[in-house]
Amino acid sequence: MKKLIYIALAIAAELLATINNASAQNPFSTGNVQAQAVIGIPASASGMCQIPPVGISLEWGVLDMDNAGVIGVGGSFEYAKYDFAEMSIEGIVNYHYFFSPSFEVHGRLGIGYCQAGQSYYRVSVVARSIFAGVTYFLRDNIGITAEVGASMLTSFRAGVTFKF
């Protein structure tokens, strides 16, 4: 898993070093809404995974930093089922940098609430997450996303992004 993270970081660093600032054509900016649906690889090896981590998020563009990117805020919900159920609800802050109208890199920080357990026993903790990812937009409003990082439920996830 560490090797995958290093490869993703190396690719992101190479893109940053070789592509000049093309973010003037940001497809996501202040006032825009972006939704995401993802499925991940379980972060925990405890118990048999019955439903892999799945998540949804909704984000609003709040600060357009001219040619330096866009900051968005929103919320996310993740769920997984092992021998027990686990869910996480977080407030998120994302930073997006666009290399072209169809390709972006982004970073995400989240904090919220996580609950795990069965009907007779539950544990609640503060949920924290950090991710770095890429999105390639196939059309103006639909893209594919991959992210590596860490959350209470997953360390790698991929899915679909929608822009409104």
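**View 1. Two salt bridges are counted in this predicted model.** A salt bridge here is a side-chain nitrogen of Lys or Arg within 4 Å of a carboxyl oxygen of Asp or Glu. Arg157 pairs with Glu78, and their closest N and O atoms are 2.7 Å apart. Because Arg157 lies in strand E8 (residues 154-163) and Glu78 in strand E3, this pair ties together parts that are 79 residues apart in sequence. Strands (E, at least two residues) are DSSP runs, numbered from the N terminus. Arg157 also forms a salt bridge with Glu147, at 2.6 Å from N to O. Glu147 is in strand E7 (residues 142-150) and Arg157 in E8, so the parts tied together here are 10 residues apart in sequence. Arg157 and Glu78 are both buried, as is Glu147; buried means under 20% relative accessible area, exposed over 50%, and partly exposed in between (1.4 Å probe, protein chains only).

**View 2. Eight strands form a closed barrel.** The order is E1-E2-E3-E4-E5-E6-E7-E8, with antiparallel pairing. Neighbouring strands of this sheet are turned by 25 degrees against each other on average, direction ignored; the axes are lines fitted to C-alpha atoms, and angles run from 0 to 180 degrees between N-to-C directions. Strands count as paired if DSSP finds at least two bridges between them. Strand E2 (residues 51-64) and strand E3 (residues 70-81) run antiparallel and are joined by 11 bridges. Ile51 stands opposite Lys81 in E3.

**View 3. Ile111 is an exposed residue in strand E5.** Strand E5 covers residues 103-118. The relative accessible area of Ile111 is 55%. Leaving aside neighbours within four places in sequence, Ile111 is in contact (heavy atoms within 4.5 Å) with Glu90, Gly91, Val126 and Ala127. The C-alpha atoms of Ile111 and Val126 are 7.2 Å apart, while the two residues are 15 apart in sequence.

**View 4. The largest nonpolar core has seven residues.** They are Ala80, Tyr82, Phe84, Cys114, Ala116, Ala127 and Leu153. A nonpolar core is a set of buried Ala, Val, Leu, Ile, Met, Phe, Trp, Tyr and Cys residues joined through side-chain atoms within 4.5 Å. Not counting residues up to four places away in sequence, Ala116 touches Phe84, Ala85, Glu86, Tyr121, Arg122 and Val123.

**Notes.** Residues are numbered from 1 along each chain as its sequence is written, and side-chain values use heavy atoms, with hydrogens and water left out. In this predicted model, local features need pLDDT of at least 70 and side-chain atom pairs count only at pLDDT 80 or more, whereas totals for chains, interfaces and linings use all residues.

How values were computed. Helix = DSSP H or I, 4+ residues; strand = E, 2+ residues; numbered from the N terminus.
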